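Open the model in your viewer and keep the selection panel at hand. We will start with the whole chain and then zoom in on one pair of elements.

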Amino acid sequence: MEARSAMSCYCGSLLAVVVVLFLSASLGTGAGAGADLKGSCAATPHPDVCVSALQKDSDAKAAASPRDLAEAAIRAASAAGSAAGDYARREMDMVKDNGMWQCLNECAEDIEEALSHLDDSDGEIDDGKMKDVKLFLDTAERNVWNCDQSCRGAANTPVKTALLAKNEDFEKLMSIALALIKRTAAGDAAQGPAAASKPKPKTKQ
């Protein structure tokens, strides 16, 4: 009787250990998937902004490869730029002050120029397009427009404050996209030409 009781106790303890190990492995896997996104974002100029933006993208959360994260960052930058440009154009139709109108117009033109390089990147990005986007972002980082400078002569109004905030969000996301593209390029170079040119599997619609 005592032997049977001891055996039952042993089996129960063994089962508990197995369950704990299983749960630990499961939690560890989940943490590893999340750490990839957070780890990549940590290498960008704005880690918190990066994590917040990419966590909203289902493709980035599902795969979280360096390439997926770079594409998600480009999409996020495009969305932020569109929001800033649309805001500027809307307000231009309502403002009466010449200084504020010039501020809105100059910022809108610069933002729209950037979007012309990013907007058609929505969706899958081939190697050639990725290089084009990187080249533009590299140039933009060195010669970035300055809405603060364009708006220096404009009165300090809620419209100006909102525009500069939206533009700042756009610039941050562009710098994040550039950092992630560089990580992708570095990974492709380490794996060799064959890995870099390997086509991505198509996502089911």
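How much of the accessible surface of the protein belongs to carbon and sulfur atoms? Show the surface: it comes to about 12400 Å², and 57% of it belongs to those atoms. Bear in mind that this is a predicted model.

Now select everything and colour by burial. The protein has 205 residues, and 35% of them count as buried.

Switch to cartoon. You will find 9 helices and 0 strands. Read from the N terminus, the elements run α-α-α-α-α-α-α-α-α.

Now for the pair. Select residues 66-92, helix H4, and residues 98-118, helix H5. Two packed helices are described by the angle between their axes and the distance between the axes. Here the axes come within 9 Å and cross at roughly 150 degrees. Angles over 145 degrees count as roughly antiparallel, so that is how H4 and H5 run relative to each other. The crossing of H4 past H5 is left-handed.

Show side chains where the two helices touch. On H4, pick out residues including Ile-74, Ala-77, Gly-81, Ala-84, Ala-88 and Met-92. On H5, the contact residues include Trp-101, Leu-104, Ala-108, Ile-111, Leu-115 and Leu-118.

Finally, colour this contact by class. What is the make-up of the contact of H4 with H5? It has 11 nonpolar, 5 polar and 4 charged residues. Among the contact residues to look for are Arg-89 and Glu-91 of H4, and Glu-109 and Glu-112 of H5.

Definitions and conventions. Residues are numbered from 1 along each chain as its sequence is written. This is a predicted model: local features need pLDDT of at least 70, side-chain atom pairs count only at pLDDT 80 or more; totals for chains, interfaces and linings use all residues. Side-chain values use heavy atoms; hydrogens and water are left out. Axes are lines fitted to C-alpha atoms, for helices over the stretch in contact, and angles run from 0 to 180 degrees between N-to-C directions. Helices (H or I, at least four residues) and strands (E, at least two) are DSSP runs, numbered from the N terminus. Angles under 35 degrees count as roughly parallel, over 145 as roughly antiparallel, 65 to 115 as roughly perpendicular and the rest as oblique. A crossing is left-handed if the near helix is turned anticlockwise from the far one by less than a right angle, and right-handed if clockwise. Contact means heavy atoms within 4.5 Å. Ala, Val, Leu, Ile, Met, Phe, Trp, Tyr, Cys and Pro count as nonpolar, Asp, Glu, Lys and Arg as charged, and the others, Gly among them, as polar. Buried means under 20% relative accessible area, exposed over 50%, partly exposed in between (1.4 Å probe, protein chains only). Accessible areas come from the Shrake-Rupley method with a 1.4 Å probe; for residues, only the protein chains shown count as cover.
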